Amino acid sequence: MVHINRALKLIIRLFLVEDLVDSLKLAVFMWLMTYVGAVFNGITLLILAELLVFSVPIVYEKYKTQIDHYVGIARDQTKSIVEKIQAKLPGIAKKKAE
């Protein structure tokens, strides 16, 4: 029940636009998924998911340092872009630093 309640609170928070940036991320993700759904059918997506589940861990173990380096760069740039967007949009509650 705890997990269900947490998931419902997250869904409510996203759909009621309590945090504009997170709601926009969800909207863009859902919009992109319409194009993925238009190109692929369900069984193709399942086959691709199975291939990824078994190949991604092996590739990550082999190239861990390079992958971590580029993921860090992407995370830093994404964080700076989100901060710029939050600074320019009025009325957005700033997230507290953890």
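**Salt bridges and a nonpolar patch**

The count comes to 2 salt bridges in this predicted model. One of them pairs Arg13 with Asp22, with the closest N and O atoms 3.2 Å apart. The other brings together the side chains of Lys25 and Asp22, at 3.8 Å from N to O. Through shared partners, Arg13, Asp22 and Lys25 are joined into one network. Lys25 and Asp22 sit 3 residues apart in helix H2, so about one helical turn separates them.

Turning to the helices, H1 runs over residues 2–15. Its 14 residues reach 20 Å from the first C-alpha to the last, close to the 20 Å expected at 1.5 Å a residue. Just after H1, Val17 takes a positive phi of about 55 degrees.

The surface also carries a nonpolar patch, formed by Met1, Ile4, Leu8, Ile11, Ile12, Phe15, Leu16, Phe29, Met30 and Met33. Together these residues have about 1,100 Å² of accessible area. H1 and H2 (20–39) each supply at least two residues of the patch, with H1 giving the most, at 5 residues. Leu16, another patch member, is found in the loop between H1 and H2. Leu16 counts as exposed because its relative accessibility is 60%, and the cut-off is over 50%.

Terms used. Residues numbered from 1 in each chain as written. Predicted model: local features only at pLDDT ≥ 70, side-chain atom pairs only at ≥ 80, totals over all residues. Heavy atoms only, no water. Helix = DSSP H or I, 4+ residues; strand = E, 2+ residues; numbered from the N terminus. Expected span 1.5 Å × (residues − 1). Patch = residues over 30% accessible without salt bridge, like charges linked within 9 Å, V, L, I, M, F, W, Y side chains within 5 Å. Areas by Shrake-Rupley, 256 points an atom, 1.4 Å probe, with all protein chains shown as cover. Salt bridge = Lys/Arg side-chain N within 4 Å of Asp/Glu carboxyl O. Buried < 20%, exposed > 50% of the residue type's maximum accessible area, 1.4 Å probe, protein only.
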